[in-house]
Structure formats: structure tokens, C-alpha cells
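Please look through the following structure with one of its pockets and one of its sheets in mind. The briefing below takes these topics in turn.

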Amino acid sequence: MKTRAALLWGIGEDWEVDDIELDDPGPGEVLVKMRAAGMCHSDEHAVTGDLPMPFFPLIGGHEGAGEVLAVGPAVTRFAVGDHVAMSFIPSCGECHWCSSGQALLCDLGIKLFDLGMISDGAVRHHCGEHDVARMSQLGTFAEHLLVSQDSLVKVDADLPWHAVALVSCGVATGFGSAVNRAEVKPGETVAVIGVGGVGINAVQGARVAGAGRIIAIDPVEFKREQAGDFGATHTYASVEEAAAAVAELTWGVMCDKVIVTPGVVPGELIEASLQLTRKGGTCVLTGLGRMGDTRVSMDMSMLTLMNKEVKGCLFGSGNPRVEIPNLLSLYRSG
């Protein structure tokens, strides 16, 4: 079928809306009419080259919601008319990671940036004479989307499209960073560095988990103002400003948990984040650094002597098929 999509033709270029053609759904594949899509900073990483894409042109977008229009052979999880959230983390349900409850690490993730489909490697997206890749095997910047059933999660039909779209990436990633990976406990002091689309949901997660103090750090005044509405108790424009204030607030103890969620994480921010973290505390890195950049500032002796820990975090360290419905249930209940 013919449809339209926003394509990226190379690093540093603008998104361009072009006509594209989709093949019929193959085995295990689903045709979805897109209803809402979000723009995550990871899409911007594709533009800047911070997250290098192996194939162009590329349909952007990995955060979205839509309605099933058709299913291919061997599709067992979805039917025409189902409402679905996209999951940029595919889950097969059968590999070691899925079977052990760590679906975010599903072995299908190795195919996330392949040109062909997850199912059989065939290329089913075209723009004129060009084969077309898709961001995270999705490409939600399109009117229609051809995708593996392993990259979809069924949701209730009464939920608004925008909420389903946002929960499919930004909300789940931020919320889970606090609840799952940092394991925030009632009464704890939590700092969130960078309160954009992911960070603001780390603030929400910390609030739901019962944190006593939630410190939002961001240079943008509007984001700091919004952080208060989402649960932050204190806001600061910089890590340096926050560090002095937190030392006073906590009588020198500092933060139990620090969650790092700026758009791009520079290596020097790690040590600054650890200085905000108390003895025995946890620093969670959710924001992406530039791919291949191994330069990190960290006082290794103090990491050991103060018994601190640093954790990476993908998709909020949660299972998409569990987290997305659970978060939408929380949304429905207010």
C-alpha cells in the first residue's frame, strides 16, 4: 500500500515527508494505522549522529499508538481493530532473557537497526527506488506502519491515543528508572538530572514510590516549573547549585538515589552525579552518551570506599508487556 512518512536521508539533514510504499504483511507481521506518535530525543540522536544509524533513508519514530488494520500469516497476538502501543524493545517471549523475566534484553534487540524486518529479514518499505529502514524496527513518523507482532503491546480501546503513545517509551523509561532500577523507597531523597520527557517521568516515578524529597535539576526554567506539578519538591538550575542545597537539606548525607536523564550524557557528568549520591547510594544512567565515547570522569577510589553503585537503565528496566498496561492503568486511575 502507499502511505506517507517522515524520512531522514542522512546525518544532519532535516526530516522530509515523502510518499512510501509498504508490502503486504509477511508472517508474524501487522499493518497498523498510526493514531499518535511522540518525538523522543533518541530520534534527534539519529539526526546528530550521536546514535549512528547504519541505513538511510530512515523512517523516524519509535514512540506511538495505533489501530491494527491487517495481520499476516502466523499472527497470534492481534486481530483487526485492536488498539496497540509500539514497543521499541521487541520481545519474543522465548529467548533466555524473555523467559527469565528480562524481556527488555530480548535477543531480537540485535535486529533493531537492521534494514529488513525482524521476522525474515525481507525489506518491505520502499521510497521510489530506495529501500527504507525504520527507527528501532518501528518508524512511527508515518501514517501507516508495518511491524512485527513482537514489537506491539495490546491496550484497552478506551484509552486516549496520546497517552498510549507516550507510555510506549518516555513514560515507561523514566518511571521505571525510579521505580525499577533505582528502587526508590518511601522517604528517600532522589535527584533527577535533566527533566525532559524521560526525566519528568522519573520525577513521577519517585513520587509514586513515596520519595520524601525529589530534586529536579535542569537549566530550563519551564521544565523546572513543570517538575513541581509532577512531584518535585525542590528544583535547581545546575548540579553545582543542587549539590550545595542538598548537602544542607540532608545534613550532609546527600541523595539516596540519583537518576541521570539529560538528552546527551557527557562523560564528566558521571562524577558530578556521584558527588550528589550518598555513601552506599545508587546512581542510575538512563540518558544516552554518544555512541563509542568511552571517556568518563569518575573517582574510582571513592566509588569503592563509599560503597556506591552505578547502573545503566534501558526502557526503565521493565518488561514492555507488563509495564505499558500497568502504567496505563495508573493513568486511568489518575
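The second largest pocket has a volume of about 260 Å³; a pocket is, on a 1 Å grid over the protein atoms alone, an open set of points where a 1.4 Å probe fits, with protein on both sides within 12 Å along at least five of seven lines, and its volume is the space filled by probe spheres set on the points. This is a predicted model, in which local features need pLDDT of at least 70, side-chain atom pairs count only at pLDDT 80 or more, and totals for chains, interfaces and linings use all residues. Residues are numbered from 1 along each chain as its sequence is written, and side-chain values use heavy atoms, without hydrogens and water.

- By class, the lining has eight nonpolar, three polar and four charged residues, with Gly counted as polar.

**The sheet**
- Five strands (DSSP runs of E, at least two residues) form an open sheet in the order β10-β3-β5-β6-β11 with antiparallel pairing, where two strands pair if DSSP finds at least two bridges between them.
- The edge strands, each pairing on one side only, are β10 (144-148) and β11 (152-155).
- Strand β6 (residues 83-86) pairs with β11 over four bridges, and Ala 85 has Val 153 as its bridge partner in β11.

**A helix on the sheet**
- Helix α9 (residues 320-332), a DSSP run of H or I with at least four residues, packs on the sheet and touches β6 and β11, contact meaning heavy atoms within 4.5 Å.

Definitions and conventions: 1 Å grid on protein atoms, 1.4 Å probe; cavity = no way out; pocket = protein on both sides within 12 Å on 5 of 7 lines; lining within 4 Å. Axes fitted to C-alpha atoms, helices over the stretch in contact; angles between N-to-C directions.
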